[in-house]
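Have the structure open as you go, and try each task before you read its solution.

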Amino acid sequence: SGGDHSKPKADAAAAETETKDDTDAATQSAPDTVILKETDESMINTYTLIAVNPDAPFADADGNAVSDVAINTEGADALIDWFLTQEALDLAADYGVAKYNDHLFYVKDDAPAYSGEITPAAEENKIIRLSTTTSVNDSGLLGYMLPTFEEKYGYTVEIQSAGTGKAIAAAQYGNADLILVHAKSQEEVFVADGYARTVDGFASERLSFLYNYFVLCGPSADPAGTASCENVLDAFAAIAETKSVFISRGDGSGTHTKELSLWPKDLGITDQPDSFASYTDWYTSANAGMGACLVMAEEMGGYILTDKATFLVFVQNNGEM
Amino acid sequence: MQSAFEKAIHLIMTGDAELCNILFVTARMSLTSSIIALLIGVPFGIWLGACHFRGKGLILIMNRTLMGMPPVVCGLLFYILFSGVGPLRRGKLLFTVNIMILAQVVLITPIVIGNMETYVSGIAPAIQETTRGLGLTRIKTLLLLANECIYQIFFVYMLSFARAISEVGAVSMVGGAIAWKTNVMTTAIMQYTNRGNFSLGIALGMILLTISLLVNTAITLLQRRLSK
Amino acid sequence: MQSAFEKAIHLIMTGDAELCNILFVTARMSLTSSIIALLIGVPFGIWLGACHFRGKGLILIMNRTLMGMPPVVCGLLFYILFSGVGPLRRGKLLFTVNIMILAQVVLITPIVIGNMETYVSGIAPAIQETTRGLGLTRIKTLLLLANECIYQIFFVYMLSFARAISEVGAVSMVGGAIAWKTNVMTTAIMQYTNRGNFSLGIALGMILLTISLLVNTAITLLQRRLSK
Amino acid sequence: MKISAFSKTYHGVTVLDVPELELHPGKIYSIIGSNGSGKSTYAKILAKVLPADQKGPQLDAGITVGYIPQKNYAFRMSTKANILLGGSDSAKAERLMEVLQLDSLASQRADRLSGGETSRMALARLMMKHFDLVILDEPTAAMDVETTFLSENLIWEYAKKSGCVLLLITHSLQQAKRIADEILFFHKGQLFESGPKERLLFAPTRPETRQFLEFYGI
Amino acid sequence: MKISAFSKTYHGVTVLDVPELELHPGKIYSIIGSNGSGKSTYAKILAKVLPADQKGPQLDAGITVGYIPQKNYAFRMSTKANILLGGSDSAKAERLMEVLQLDSLASQRADRLSGGETSRMALARLMMKHFDLVILDEPTAAMDVETTFLSENLIWEYAKKSGCVLLLITHSLQQAKRIADEILFFHKGQLFESGPKERLLFAPTRPETRQFLEFYGI
Ligand SMILES: Nc1ncnc2c1ncn2[C@@H]1O[C@H](COP(=O)(O)OP(=O)(O)OP(=O)(O)O)[C@@H](O)[C@H]1O
Ligand SMILES: Nc1ncnc2c1ncn2[C@@H]1O[C@H](COP(=O)(O)OP(=O)(O)OP(=O)(O)O)[C@@H](O)[C@H]1O
Ligand SMILES: [Mg+2]
Ligand SMILES: [Mg+2]
């Protein structure tokens with residue numbers, strides 16, 4: 001997936017000067033953490049919408065089947081339809097340009113499109129429960145897009161954001177009408193388990209429509225020499241090789257999932273603490289939010305994999321601390 | 001620090017609509033839950049402190065254990081109970097302020113009970129000797145006990161309120177921190193922190209502490225008045 | 001719930017290495033911080049409850065406000081102070097158990113002080129009348145006051161410990177919840193919760209409550225013994 | 001009225017061991033004895049403030065007991081409100097306050113009264129209601145002589161008019177002489193001797209009683 | 001020893017207003033007066049437990065004050081440990097306990113003593129140390145007659161041997177007669193009359209004093 005979009009033109013050096021510029025007066029305390037690798041094909045980050053199936057095999061905490069789970073399918077349909085209209089896709093592609101002078105999201109080439117009517121809200125279906133990940137919510141994308149939808153069609157979208165695992169679990173516990181996540185493997189399990197529903201007029205349960213790139217950041221001194229590596233996989237290998245400090249989200253989030261796929265296979269790093277017990281001198285599994293992890297990386301002069309949106313906010317605010 | 005301070009002032013001055021909503025939800029949640037916890041915990045705590053019966057020690061130990069119930073665990077339990085698949089799903093309470101209040105009441109009440117029990121068990125013997133000597137009813141005795149520990153009750157209320165307004169683990173779990181609906185000061189601070197926007201987090205923290213300060217000053221003055 | 005219970009039993013039975021590490025860090029952190037908070041808060045609280053001076057009301061209100069300091073804000077402040085650009089960066093304390101203890105001491109001490117102050121201000125007048133009449137020193141008076149509220153001190157310790165073991169906001173912020181290093185029960189519960197593994201979260205919660213139960217039982221028995 | 005035999009033991013030390021007693025309504029019984037002889041313990045057990053060693057009632061069912069402890073407790077409210085805790089008859093409360101010279105203190109916070117004032121408040125509070133058995137533990141120890149006399153009159157009238165059994169613990173033999181009908185002498189936790197006051201005071205049968213009375217110069 | 005004049009007012013009501021007093025070392029002064037006449041308030045202010053209306057000291061600098069409040073406080077420890085709070089001389093403590101018949105209670109928890117036993121403990125505790133001014137607020141009110149006599153002897157000896165000024169508040173004129181040198185009569189917060197005990201008891205100059213003494217049958 002991905003395609004040949006006009007990729008943001010920025011190499012490591014450019015990014016460095018760029019971020020320095022962003023932190024206006026307070027250059028003294030400007031973060032030392034800079035982008036070292038970005039827009040690499042292996043760091044692509046695809047966002048997917050999935051409607052929740054009201055007839056899914058819901059089960060309570062002890063595994064007993066539950067049949068009467070209330071799911072707002074009409075609302076979920078309306079919101080998904082709208083997300084895939086040209087209007088919404090344009091909004092998404094446009095987000096962040098004004099503020100960061102950079103695109104934070106790109107529309108997928110083969111994104112499913114919708115051009116039909118969107119059913120306005122009725123009294124009994126006007127609350128839509130959207131479960132998403134913290135990084136999506138924290139990027140501010142939904143806050144930017146949804147008011148347009150809400151005003152036009154009279155719905156209220158209640159966004160719960162959490163780690164990817166919890167965001168998906170929320171749907172499995174019957175607490176969401178649709179999910180917006182970015183962790184392919186977990187999405188596929190969700191679909192395979194029968195929790196997903198194909199929205200009328202679309203071919204698949206998983207509606208991947210946006211993407212962007214994770215970025216590898218680290219101290220400007222770049223002790224592992226990642227900036228000069230061929231690709232991200234080499235960069236990660238170099239970090240492991242030099243035992244340079246690396247901060248892992250460690251929270252099962254989409255970012256964490258992506259990071260796990262980038263390590264050399266022979267290290268055997270998984271989300272299980274035992275798998276990195278012998279690397280604790282450099283591999284730091286932080287179990288925290290993206291922002292907190294970024295500061296930790298800054299603090300410890302470590303490398304980190306992050307979504308670009310959070311990094312840009314971090315850079316913009318860190319100087320003011 | 002300075003910039004956080006400026007941000008706090010700015011937020012208040014501009015009367016930011018979202019901030020106002022957050023403040024309102026915070027006030028509603030923490031006042032309601034602390035008052036309910038007080039209304040349940042004070043009578044029960046006084047009763048526990050004043051009575052002797054088999055199994056009281058067990059109740060005390062259990063209550064003390066509940067004082068140490070981690071908010072996340074409490075939130076998790078309520079989440080599971082009130083989920084779309086949970087046994088109490090018909091209540092339709094998940095992601096509402098009401099369930100946040102409920103979870104907080106569960107967290108705070110043991111603290112109120114424990115505090116009152118400890119205090120009352122110290123003063124009860126002398127008072128009970130007198131009330132029994134006058135042939136007063138149990139209810140009357142409990143009311144008199146409550147009157148005698150009015151200063152303590154005020155303190156316990158402040159402790160409850162402090163806990164209610166500062167708690168985040170349970171509240172974020174069952175409330176979902178939904179903007180314009182269940183987002184309170186602490187969850188908002190968490191959110192900003194997660195985004196790496198620390199100075200805005202600190203700014204909200206300052207506003208929260210200022211509210212605490214005002215509430216505590218008001219209650220302390222009232223306490224002084226009543227206990228002259 | 002049943003599955004969580006089974007998971008808890010399983011975790012304990014297999015002596016899971018990570019769980020052992022988490023338990024050890026949890027015990028170290030919560031015991032140390034609650035004891036330090038007690039050692040600072042009890043003498044200061046007794047002194048506050050026993051003395052009268054101008055500005056005492058102000059100290060009380062400030063202390064009550066600090067009781068309501070949200071853990072996230074406390075964590076955030078320490079974070080800023082001890083981070084690489086912060087004024088205390090030379091301490092190199094960030095993301096260690098020591099700073100978690102420090103943050104918790106800051107959170108818990110006001111609660112200890114407030115509790116002791118309220119209790120002591122009730123019993124101090126009669127005791128001070130006697131100790132002044134005997135010409136005893138202030139230190140001696142404070143020691144005697146402490147001896148008279150031994151039951152209360154035990155309760156306050158249990159409250160402190162409960163708070164220390166159940167707190168997550170400050171601890172995750174300054175400790176970073178680093179696996180094998182600063183991850184404690186509450187942050188681990190958070191971790192499992194975030195991954196959607198709710199039953200493992202509840203399982204850890206049950207283990208935590210069991211530890212609380214054991215500690216509280218031990219302390220309650222000791223308390224009974226000492227106050228006969 | 002019958003009071004059954006009972007005892008009280010603390011950590012193996014028996015501080016009280018009394019036989020069954022038969023008391024007559026309308027009579028005032030004065031309990032005398034040295035410090036630590038078990039007088040207050042006896043009072044507390046009858047008032048059900050303290051459990052006796054034996055289970056089961058010390059008194060017949062339905063008998064109401066009024067009791068003033070040796071350490072009076074004044075509630076954090078006005079003197080009048082304290083007295084009204086004993087019973088709701090406001091006129092009666094005012095009469096009692098007048099008799100005990102508490103009228104000027106009616107609205108003062110009772111927990112700030114002087115020692116003797118507190119005793120008088122406690123007495124007035126109890127006298128608000130009728131009880132079948134009334135136990136007063138050194139009710140006048142903190143009072144001045146004038147109010148001691150006033151209180152004695154009040155106690156005497158209360159017992160005689162209401163026909164209750166009244167137990168009066170006191171260290172003042174003068175007081176016993178003035179208002180008691182019978183005297184019970186406690187010694188080392190035991191009821192050593194009892195009888196009409198003249199008999200007991202002037203013709204005690206046991207050497208311990210005689211020795212105790214000697215201190216009073218009788 | 002000079003005690004300066006001072007007063008005490010609660011919410012506009014003056015409960016105490018006394019002139020300057022000159023007291024002599026080695027003498028025992030008995031303070032008498034009805035309930036609420038301000039005796040305890042006077043004692044508390046001298047013991048610096050209560051502030052007077054006026055700022056500044058009531059006593060000369062360097063004068064040590066020992067004081068037993070009307071409500072005794074027994075600490076949650078053994079009787080002997082309580083007494084040793086007054087001073088660390090263990091032999092002296094044992095002597096005092098023997099005199100006051102507390103020896104059998106040495107290891108008992110003091111907060112569980114009977115009323116009279118507590119008073120004796122409090123007296124022994126104070127007598128452990130020398131003070132220039134000693135104030136005893138109704139120290140024997142809860143004691144039986146035997147220990148009252150023993151205590152009076154002890155108090156008398158303490159004053160005479162150590163040469164302190166001793167103020168003894170009491171409702172017992174007998175007691176004042178037995179051990180006091182001078183008597184101070186308090187009435188409605190004022191020091192109405194004072195003088196050597198014979199003079200004051202048998203030839204009071206003011207009608208209020210005469211009226212007060214009448215109740216005692218003097
Ligand atoms: N909880 C207790 N544990 C041990 N001994 C106790 C306890 N309570 C009371 N005692 C002892 O029991 C004895 C009787 O006490 P009680 O209060 O009945 O005496 P009393 O006759 O009322 O004396 P007083 O004239 O001093 O008031 C005393 O020697 C006292 O020390
Ligand atoms: N805090 C207070 N507020 C108002 N009035 C008070 C307060 N404390 C004491 N009083 C009053 O002051 C008066 C004097 O009290 P004090 O205790 O000195 O009397 P006393 O002479 O010791 O009496 P007693 O013989 O009963 O011990 C009393 O009438 C009392 O009610
Ligand atoms: Mg007694
Ligand atoms: Mg007095």
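The exercises below all refer to this predicted model.

**Exercise 1. Getting to know chain B**

Task: Find how many helices and strands chain B has, and describe the box that its C-alpha atoms fill.

Solution: 
- Step 1. Chain B contains 10 helices and 0 strands.
- Step 2. Written along the sequence, the pattern for chain B is α-α-α-α-α-α-α-α-α-α.
- Step 3. Along the principal axes, the C-alpha atoms of chain B take up a box of roughly 65 × 50 × 25 Å.

**Exercise 2. Which chains touch?**

Task: Among the 6 pairs of chains that touch, work out which pair has the most contacts, then look at chain C with chain D and at chain B with chain E.

Solution: 
- Step 1. Of the 6 touching pairs, chains B and C have the most contacts.
- Step 2. Chain C and chain D are joined by no contact, and their closest C-alpha atoms lie 12 Å apart.
- Step 3. Chain B and chain E do not touch either; the nearest C-alpha atoms of chain B and chain E are 12 Å apart.

**Exercise 3. Two helix pairs within chain C**

Task: Work out how helix 2 of chain C is oriented to helix 6 of chain C, then do likewise for helix 5 and helix 7 of chain C.

Solution: 
- Step 1. Helix 2 (residues 17-50) of chain C packs with helix 6 (residues 138-148) of chain C at about 105°, and their axes are 10 Å apart.
- Step 2. Helix 2 and helix 6 of chain C are therefore roughly perpendicular to each other.
- Step 3. Ile46(C), Trp47(C) and Ala50(C) of helix 2 meet Arg138(C), Leu142(C), Leu145(C) and Ala146(C) of helix 6. The classes here are 6 nonpolar, no polar and 1 charged.
- Step 4. Now take helix 5 (residues 97-133) and helix 7 of chain C, which pack at about 155° with axes 10 Å apart. That angle makes helix 5 of chain C roughly antiparallel to helix 7 of chain C.
- Step 5. The crossing of helix 5 and helix 7 of chain C is right-handed.
- Step 6. Residues in this contact include Ile111(C) and Tyr119(C) of helix 5, and Leu159(C) and Arg163(C) of helix 7. By class, the contact of helix 5 with helix 7 of chain C divides into 10 nonpolar, 4 polar and 1 charged.

**Exercise 4. Cavities lined by chains B and C**

Task: Give the volume of the largest cavity and of the second largest cavity, and say which residues line them.

Solution: 
- Step 1. Counting cavities of 30 Å³ or more gives 9.
- Step 2. The largest cavity has a volume of about 120 Å³. Its lining consists of Pro71, Arg163, Ser166, Glu167, Val168 and Gly169 from chain B and Pro71, Arg163, Ser166, Glu167, Val168 and Gly169 from chain C.
- Step 3. The lining of the largest cavity has 4 nonpolar, 4 polar and 4 charged residues.
- Step 4. The second largest cavity holds about 100 Å³ of space. Among the residues that line the second largest cavity are Met67(B), Ile111(B), Met67(C) and Ile111(C).
- Step 5. Helix 7 of chain B and helix 7 of chain C are the elements that give two or more residues to the lining of the second largest cavity.
- Step 6. By class, the lining of the second largest cavity has 8 nonpolar, no polar and 2 charged residues.

Note on methods: Residues are numbered from 1 along each chain as its sequence is written. Chains are lettered from A and ligands numbered from 1 in the order in which they are written. This is a predicted model: local features need pLDDT of at least 70, side-chain atom pairs count only at pLDDT 80 or more; totals for chains, interfaces and linings use all residues. Side-chain values use heavy atoms; hydrogens and water are left out. On a 1 Å grid over the protein atoms alone, a cavity is a set of points where a 1.4 Å probe fits but cannot get out, and a pocket is an open set with protein on both sides within 12 Å along at least five of seven lines; lining residues have an atom within 4 Å of a point. Grid points are joined across faces, edges and corners, and a volume is the space filled by probe spheres set on the points. Ala, Val, Leu, Ile, Met, Phe, Trp, Tyr, Cys and Pro count as nonpolar, Asp, Glu, Lys and Arg as charged, and the others, Gly among them, as polar. Helices (H or I, at least four residues) and strands (E, at least two) are DSSP runs, numbered from the N terminus. Contact means heavy atoms within 4.5 Å. Axes are lines fitted to C-alpha atoms, for helices over the stretch in contact, and angles run from 0 to 180 degrees between N-to-C directions. Angles under 35 degrees count as roughly parallel, over 145 as roughly antiparallel, 65 to 115 as roughly perpendicular and the rest as oblique. A crossing is left-handed if the near helix is turned anticlockwise from the far one by less than a right angle, and right-handed if clockwise.
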